[in-house]
Amino acid sequence: MTNYRDILRRLALGNEVGFRELEELVALVGDERVLDYVRGLAREVRTEWFGNKVFIRGLVEISNRCSGGCYYCGLRAENCKVTRYELSDDEVMESCRVGYGLGLRSFVLQGGERKSITEQTARVVRRIKEEMPDVAVTLSLGEQSRETYECWRMAGADRYLLRHESATPEHYATLHPERMVWEERVACLGVLAELGYQIGAGFMVGTPGQTTAMLAHEVEFLAEMAPQMVGIGPFIPQSDTPLGNMPRGSVEQTLMMLSLVRIALPKALMPSTTALATTAEQGTHLGILSGANVVMPNITPAQYRASYAIYDGKKSSGTEAAEGLEKLVRELRAIGYEATFGRGDHPDFQR
Ligand code: SAM
Ligand code: SF4
């Protein structure tokens, strides 16, 4: 039997771990004892840096218009079945004001990828920062030019989420049309880091064709890149996409990957994702108990939420009201965690 404790200890200390060892570790996901041990160690590692704090960020899904063609996502340009929307500047501001009123000091503006949104996004980021100077703004609007990223950074954006989706270029190519190129996506993360953003990478677990070796490579790849944020969630099929008939990613494998990446990157900010909450009963808690330390309740105006249909059955828990947020705080407390509404910067970016 693999000496998994020794491998994990070395991973936690940043010492050499061979690729084969990582692969063996990932493959032990079916062994409940091993998974429990890995998750426990992930919690310990996370506690060393963050105590029992869980950072809460308000998520605003600003538009579902997208020129991307990702085979897994319901917002892809080729999907004519989705009703497209775009929040006005005032609607984005109002969403943030509501969140601010509830105490939130960290907002994530997420949406489809389009090249035409440079000016309007800069405008709204500027407005948020002027009106609420004590908040952190994270953008997640896909691949853009250096000039656009620079413009948004100058406007006040602090962080950028751009999952690399797969660390294996050949696998990435099976999930995207030719116009989407792995090297370009990864280069964007480099540009964002150069511009001083806190960057977020990440991937889905269980995309069709993903192997254990690829998952092991994800750990290596992320340990090497050391982004400040990492988003990991299960793949969930969306019926109007080319991968709509494929099986969803496994909860256990997602928890295993969350924990391994946490152990490799102790200081990272890692959400317990909506995809996990959608896939598993108590998914948010499972993620937190596997080393995640961020939750992003949805504060998008309720009438738009159903249209942000990236996968089937997506949860968009009603946290628009104070009661929703209070419930989240209470539930986290019940499992021993303290919800924190501050900016929630990465330890290396504390101001
Ligand atoms: N358009 C931006 C981008 O792609 O970076 C941001 C929005 S996109 C909807 C955010 C993330 O959703 C993607 O990075 C992807 O990993 C995830 N996602 C998309 N379709 C998914 C699916 N079917 N199952 C699980 N996650 C999915
Ligand atoms: Fe567009 Fe992002 Fe969905 Fe790809 S994952 S289709 S870029 S919204």
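Mentor: Gladly! Let us start with Arg20, which is found in helix α2. Helices (H or I, at least four residues) and strands (E, at least two) are DSSP runs, numbered from the N terminus. This is a predicted model, in which local features need pLDDT of at least 70 and side-chain atom pairs count only at pLDDT 80 or more, while totals for chains, interfaces and linings use all residues. Residues are numbered from 1 along each chain as its sequence is written, chains are lettered from A and ligands numbered from 1 in the order in which they are written, and side-chain values use heavy atoms, with hydrogens and water left out.

Trainee: Why does Arg20 count as exposed?

Mentor: Its relative accessibility is 56%. Buried means under 20% relative accessible area, exposed means over 50%, and partly exposed is in between (1.4 Å probe, protein chains only). Arg20, at 56%, therefore counts as exposed. Arg20 and His217 are 197 residues apart along the chain, with their C-alpha atoms separated by 9.9 Å.

Trainee: At what angle do α2 and α9 cross?

Mentor: The axes of α2 (residues 19-27) and α9 (residues 212-225) come within 8 Å and cross at roughly 115°. Axes are lines fitted to C-alpha atoms, for helices over the stretch in contact, and angles run from 0 to 180 degrees between N-to-C directions.

Trainee: Which residues make up the contact between α2 and α9?

Mentor: Phe19, Leu22, Glu23, Val26 and Ala27 in α2 meet Thr212, Ala213, Leu215, Ala216, His217, Val219 and Glu220 in α9. Contact means heavy atoms within 4.5 Å. These residues divide into 8 nonpolar, 2 polar and 2 charged. Ala, Val, Leu, Ile, Met, Phe, Trp, Tyr, Cys and Pro count as nonpolar, Asp, Glu, Lys and Arg as charged, and the others, Gly among them, as polar.

Trainee: What surrounds ligand 2?

Mentor: Cys66, Cys70, Tyr72, Cys73, Leu75, Arg76 and Gly112 surround it; a residue is near a molecule if one of its heavy atoms lies within 4 Å of it. By type, this shell around ligand 2 has 5 nonpolar residues, 1 polar and 1 charged.

Trainee: How many aromatic pairs does a search of the whole structure find?

Mentor: It finds 8. Rings of Phe, Tyr and Trp (its six-membered ring) pair if their centres lie within 6.5 Å; planes under 30 degrees apart count as stacked, over 60 as edge-to-face and the rest as tilted. One of the pairs is Phe50 with Phe55, at 5.9 Å centre to centre and 80° between the planes. Their planes are over 60 degrees apart, so the pair is edge-to-face. Both Phe50 and Phe55 are buried.

Trainee: Why is Ala226 called partly exposed?

Mentor: Its relative accessibility is 36%, so Ala226 falls into that class. Ala226 is found in the loop between α9 and β7 (229-234).

Trainee: And what makes Asp134 partly exposed?

Mentor: The reason is its value of 34% relative accessibility. Asp134 is in the loop between α5 (118-131) and β4. Leaving aside neighbours within four places in sequence, Asp134 is in contact with Tyr100, Arg105 and Arg343.
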